[in-house]
Amino acid sequence: MRLLIIEDEDLLRAQLVKALRDSGYVVDSALDGREGLYLATENEYAAALVDLGLPGIDGIDLIKKLRQAGRSYPVLILTARDNWTDKVEGLDAGADDYVVKPFQIEEIKARLNALLRRAAGFAKPTLDFAHFSLDTGAKKLFANDVEIELTAYEYKVLEYLMLHPGQVISKTELTEHLYEQDYDRDSNVMEVFIRRLRQKLDPDENLKPIATIRGQGYRFKLPANNGPAKKV
Amino acid sequence: MVLQKKSEQGYSLQKRLLLAFGILLILFLGLAGFVLDRAFKESVAASVEERLQLQIYALLGVAEPEGEGFFVPDMEEARFSQIDSGLYGFILDSNGRELWRSMSALNFRMRASALVRNALEPGETFFGSLETEEQGPMSYASYGTFWPNQDEEFSFVVMETVAPTAAEISEFQSSLWFWLGGLALLLSLAQYYLLRWGLFPLQRLAEDVARIESGASDALEPNYPTELRAVTDNLNLLIKSERERQSRYRTTLGDLAHSLKTPLAVISGIVQQVSADKPVTSGTIKDVSEQLERMDQIVSYQLKRAVKSNHARILAKPVQIKPVIEKILPALNKVYRDKEVNANTALMENARFFGDEKDLMELCGNLLDNAFKYCRSEISVAVSEQGNRLVLAIDDDGEGIPEQEHKRVLERGARADTLKSGQGIGLAVSMDIISAYGGTIEMGKSALGGASIRVLFEREP
């Protein structure tokens, strides 16, 4: 999952970037409104964290412009202004949630997780497909309540596919949401991850949950039990 | 509060009124003088014409044609017989030949034919004026007539010197302007003193305000005229609220400093312990972060209190409540999207809150946020205004607040250090806002099963 953090306070930005990278996100960051708006409109992110008091373009204006540009991914506001007039203004401008400074990193992660899940159409923190259950909070996969051990990268690939069920996800898109920009994308490492996931999820090859669409990418075939059966 | 200098404000009120009334006075008296003068002149002219006409009739009454000329016996009007008396008579035939002239006109060298207009019908009178060498400006009347048994038509002319009427007019004029001038002076004086008297309360107000500025007085005096009372009363309220705000700032700063010292002391104690012998354990980290959270809460609470408007009821303007709640609900629905809260509203159109919109937003935001947070799936919001009573009722279907807790929640002091860690500050801030506007809050069990909160504001009629 690729995230964008727009925050002008250097220490705080560094803390956020580190904490979110540690939890497996790919993170871009900007330190003022202009650069932030450029990145936010040029790229497709899973979610953005926007500070309200930004130099260049104010956070509220940035969110409005982002929405006008047709970007609909979730936006989490970080604000020191803890009053309802500002909160309502921010949410009205198109943000999806807010966190008041000072905050615990854990709170940011929880809110972000909920936003990503909701954006994919899931109401609960677990994504349920057939007998599989992916706990996005604990970042664990269960099959009939028995945990299936996954590496961090395997989890990330599976989570991304499960959050977009029925959609064809290209290898490039997966790579972008898994790695920082400077990573060598020519490797066939993605194919390795998919092969390993198939083995772990479906050793008997009955369900075939992940389909390969020739020349296009991969698709998670199983219908969700608790989320969107089909995402348009 | 700084009073602007007089020069920056242009003319003073007194100067403006004096100037306006002065111009009005001059225009009014000038016009009155002009009209009176004209009317008098017209009436004098009319009386001159009437007199001339009468003299012509008198002349007609006594004149007898005799041969080529006319015989006019001694007339009642003696001035016809005195040389250069100022009243002169002439009789001319239709060719302009002079048939008779009065004794008084013997010195006249002018030809009487100049006084006759050619086409004068019998019975017609013509009035005119002319300048003569001997007597200066004169008024005259010529009258056309014919005599029984004679073919000839004649003109009777009477001429009178203007000097006496001119003197009369000039005398009238000078007395007219003298009295009008006197009247203008009198009115100006009266107006000056009336204005001073009328505007005196304003001057008193300025002095009063200056006394407050210098600290010699606390409030404006109460005995101002009705028109100024609204201003002075509001000014007094403003001064009072300003003083209250200053004292509240002092209290807040004091509270803040004191309440932050306790957690600081705890943290510094922990740090000293650590540096001495014991290593850092997860317990010490937990202790420190607890104190940090407490400090954060204290700071947030005092910040919110500082942001809250302090004008409260003073200069309160009405804010429509419905749009404010309709702005907050979608925002909360977004934040609590997972709960899929069903919010029932009964918002009276045009129900108004008299105060600052931000305060209302803060109050409704905090109360509704609590309702969304603690409900299971349903809340209800009702706003109604009856007369001077405004009721805001928020219900939810959550756990509710235990009765023994009501008092504690409501009585929670305004001091931040009484807030325990983990307690939300939303309700404390709401209580502050409600009390600032003289409102009351009630807590109870809701028909929905959870908490019921009723906020009541009563406006003075």
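The model is a predicted one.

Chain A first. Of the 232 residues in chain A, 38% are buried. As for how the chain meets itself, take the contacts in chain A with a separation of 6 or more: 57% of them link residues 24 or more positions apart.

Two packed helices are described by the angle between their axes and the distance between the axes. For helix α6 (residues 152-163) and helix α8 (residues 189-201) of chain A, the axes come within 10 Å and the crossing angle is roughly 85°. Angles of 65 to 115 degrees count as roughly perpendicular, so α6(A) is roughly perpendicular to α8(A). On the α6(A) side, the contact is built from A:Tyr153, A:Glu154, A:Val157 and A:Leu158. Facing them from α8(A) are A:Phe193, A:Ile194, A:Arg196 and A:Leu197. Sorted by class, this contact of α6(A) with α8(A) holds 6 nonpolar and 2 charged residues, with no polar ones.

Now for the interface. Here 14 residues of chain A are in contact with 16 residues of chain B. On the chain A side, the elements giving two or more residues are α4 (84-93) and α5 (105-119). Helix α4(A) supplies the largest share of that side, at 6 residues. By class, the chain A residues that touch chain B split into 6 nonpolar, 2 polar and 6 charged.

Chain B brings in the sheet. It is an open one of 5 strands, ordered β4-β3-β7-β6-β5 (chain B), and the pairing is antiparallel. The edges are taken by β4 (98-101) and β5 (125-132) of chain B; each has a single partner strand, so one side of each is left without a neighbour in the sheet. On average, and ignoring direction, neighbouring strands of this sheet are turned by 25° against each other.

As for B:Phe126, its bridge partner in β6(B) is B:Ser142. A helix also lies over this part of chain B: α1 (residues 13-62) of chain B lies across β3 (87-93), β5, β6 and β7 (153-161). Relative to β6(B), helix α1 of chain B runs at about 45°.

How values were computed. Residues are numbered from 1 along each chain as its sequence is written. Chains are lettered from A and ligands numbered from 1 in the order in which they are written. This is a predicted model: local features need pLDDT of at least 70, side-chain atom pairs count only at pLDDT 80 or more; totals for chains, interfaces and linings use all residues. Axes are lines fitted to C-alpha atoms, for helices over the stretch in contact, and angles run from 0 to 180 degrees between N-to-C directions. Helices (H or I, at least four residues) and strands (E, at least two) are DSSP runs, numbered from the N terminus. Angles under 35 degrees count as roughly parallel, over 145 as roughly antiparallel, 65 to 115 as roughly perpendicular and the rest as oblique. Two residues are in contact if their C-beta atoms, placed from the backbone, lie within 7 Å. Ala, Val, Leu, Ile, Met, Phe, Trp, Tyr, Cys and Pro count as nonpolar, Asp, Glu, Lys and Arg as charged, and the others, Gly among them, as polar. Two strands pair if DSSP finds at least two bridges between them. A residue is buried if 20 or more other C-beta atoms lie within 10 Å of its own, exposed if 12 or fewer, and partly exposed in between; C-beta atoms are placed from the backbone.
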